[in-house]
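Subject: Structure handover

Hello,

Here is the structure you were going to look at. Please open it first, then read my notes below.

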Amino acid sequence: MSACTLVSVSTVLGCHSCFRVDMFSKGTKRKFSDDGGEMSDESLGGANVSSSYNLQRQSLLDMSLIKLQLCHMLVEPNLCRSVLIANTVRQIQEEMTHDGSWQAVTEAFCNGSQSPSERLVATEVLCRSREQDAEPKLFSVISYEGCREEEVVADETLCSVSVSDAASNVCLSESVGHCWETGELRVVESDEETSEGSRLGPGDDDDDDEDDEDEDEVDEEEESSREDSKSMGQVFGTFEIKNGSSGPDSALEELFSDVDASYYDLDTMLTGIQSAPKMGPYDLLDSLAPSHGPPSLGSPSNCRSDLNELDHIMEIIVGS
Amino acid sequence: MGEDSESPKINHSFLRDYVTEADVISTVEFNQTGDLLATGDRGGRVVIFQREPEDKGGREELGDAGEYNVYSTFQSHEPDFDYLKSLEIEEKINKIRWLPQQNAAHFLLSTNDKTIKLWKVSERDRRPEGYNLKDEEGRLKDISTVTSLQVPVLKPADLMVEVRPRRVFANGHTYHVNSISVNSDGETYLSADDLRINMWHLAITDRSFNIVDIKPANMEDLTEVITASEFHPKHCHLFVYSSSKGTLRLCDMRASALCDKHSKIFEEPEDPGNRSFFSEIISSVSDVKFSHSGRYLLTRDYLTTKVWDLNMEKGPIETYQVHDYLRSKLCSLYENDCIFDKFECVWNSTDSVIMTGTYNSFFRMFDREAGRGVTLEAWRESSKPRAVLRTRRVYTGGRRRRGDVGVDSLDFTKKILHMAWHPAENIIAIATTNNLYIFQDRVHPENQ
């Protein structure tokens, strides 16, 4: 880690003195130009004065998720740190579901906002120092190898997903370096291809109907907390797997009973803790196809379930 | 190593800042008499310093009287590899604890993330001479040359310090060991990792008793880990452990074999006015220490250090702000991971002063009676040997004095995490990244 300079980081995150107490209470600061309540801020069209708070909270959520995913897989990660970050994520998500902020986030994507790039910036700052550390130690043996699109698509487990999923598969591989650049290129392309509303699913359709919105919120709450625990589970599930106490009874263990040790490592890499230094979660979001099927954990393929788990995390963020 | 006016303008700063990863000190500990000081580093080495005997002839202002010099160095732990998980096990020494001395030899426990080792440190300053069958170099003599018998005698020889591993306590921990603590009974000790605490007998290496287990049945439900643990200095059945949620649990081993149920829980209710997303992280206790008297507990969380009375569970009796000016910077400190730094805290010998570290090579000392704190600096640029430490200040508003450091100028890579206080005198050992500073109070060498 290079010498820390606080000032630049604060600027990146868009907050001058970061998370002061008063910045968490709604409606206190940063009144945007209130011309009839119409938001001039392009990033959160429709949001009110608490948009700055929401933006900061969102940044914190993104940062936390990235921290959970970025791991030095050479040495076992610090459990205390992971637990604290996971608790922070849970806290943010609880608060976000309580005040229905999922809606606002959804709308943010409606407008093809610049917020993904903002998050990218935050990610960049985080990941710059990490890049060197992310090691391609556990080399992919499934056909992610080389991260070439043709190979990825050719993999039978991924055949059912559309081409724009290839980028996400690139992310799932541990190989860093040129692979990531390939992934980024793919994202740019798929951004152009994919329409903005494509990812947003049911929440978007029911915008007009207030009753449905409430239902959705409730559903989102349940789903997000369920998926939340699932994604949290992935973080600690990895620890569980690593520590091997459950032995042959573990469901995941069964999946890999006929697979050799190198696949075992691959699995722990893929479930929840993945190196994604240059891809922010929203890039992943943009590249995932709208027609992505429902989670099928019964699938024999670990990469398929990984996609699902990643999907769950994305769904939590977007709430769709 | 300051820049002299005579030397050409070569920029040596890169040399100054270059730190070998392996040399980073990771733990510091005095033994029970204070004559020995052990440090452990990230490379798995232990360096033991010994205090030179003070010259009683009143020549303390000269020479090395009362100073610590290197006594022995040895490699305690080697890097290891867990083949099942395909992960490296760091050789970094997390903690060193000395055993009370029982004979001429000294014993210490050192631990890395997984394995605890008992080391015997002994001196040899004599050697036998006058063997009948061997000559001085140890070569076998030709028997025909031996005409008379002699009894070998011990003759003084150069002092040799031998360090040998006597026990290896392995395979006791699935998670990373963060604390070890020797019991007052002199026979047992505890080792704590993130989720479990084990009790060992010093003579038995193939077995340990699990006394605390907070691992949930479903790891998805994990929200709290153990951060530190220590035995009571006088009561061999009591120990305390701290958690990442800021709670302290006092456990009595007489109550049950598995001490998952605490006897007392010490927790300060959260201040709703100060609540933020970082509240939990900054409440995580990084270190807990019993006072020498056994009556109080000292804890350190990210921004404060607190003194607790064992008789009062509802909150600390004293709270000291270590670096409150960081409260508005928590977001940045979260981003660069500094918010997860684990600072240690220590008592002085009479439990009247407490000390802990902070950033920018600063450390803080709080006088409990006066209720005041000072900031001192451990940085070779500003302290020559035997110079008096001057107090420092972080500028947070008001009148700015010369020498004040602004909050944005603080160097967060220079953190003082590890320190120790001599058990009887006012001598402190402060570990910066790869340097050890030993400060002695010449004015009041012993506490009144």
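Start with one helix pair: α2(A) and α3(A) cross in a left-handed way. Left-handed means that the near helix is turned anticlockwise from the far one by less than a right angle, and clockwise would be right-handed. Helices here are DSSP runs (H or I, at least four residues) and strands are E runs of at least two, numbered from the N terminus.

A word on the basis: this is a predicted model, where local features need pLDDT of at least 70, side-chain atom pairs count only at pLDDT 80 or more, and totals for chains, interfaces and linings use all residues. Residues are numbered from 1 along each chain as its sequence is written, chains are lettered from A in the order in which they are written, and side-chain values use heavy atoms, without hydrogens and water.

Back to the pair. Helix α2 covers residues 51–69 of chain A, and helix α3 covers residues 79–98. Their axes lie 9 Å apart, at an angle of about 145 degrees. Axes are lines fitted to C-alpha atoms over the stretch in contact, and angles run from 0 to 180 degrees between N-to-C directions.

Which residues of α2(A) and α3(A) make the contact? Among them are L61(A), L65(A) and L68(A) of α2(A), and I85(A), V89(A) and I92(A) of α3(A). Contact means heavy atoms within 4.5 Å. By class, the contact has 10 nonpolar, five polar and four charged residues. Nonpolar means Ala, Val, Leu, Ile, Met, Phe, Trp, Tyr, Cys and Pro; charged means Asp, Glu, Lys and Arg; the others, Gly among them, are polar.

Helix α2(A) is largely enclosed by the rest of the structure, because 18 of its 19 residues are buried. Buried means under 20% relative accessible area (1.4 Å probe, protein chains only).

Now the whole chains. Chain A has 14 helices and zero strands. Of its 320 residues, 57% are buried. Among contacts in chain A between residues at least 6 apart in sequence, 76% join residues at least 24 apart.

Chain B has three helices and 31 strands. Of its 448 residues, 51% are buried.

Is H106(B) buried or exposed? Its relative accessibility is 16%, so H106(B) counts as buried. Leaving aside neighbours within four places in sequence, H106(B) touches several residues, including W98(B), W119(B) and K120(B).

Best wishes

Notes
Buried means under 20% relative accessible area, exposed over 50%, partly exposed in between (1.4 Å probe, protein chains only).
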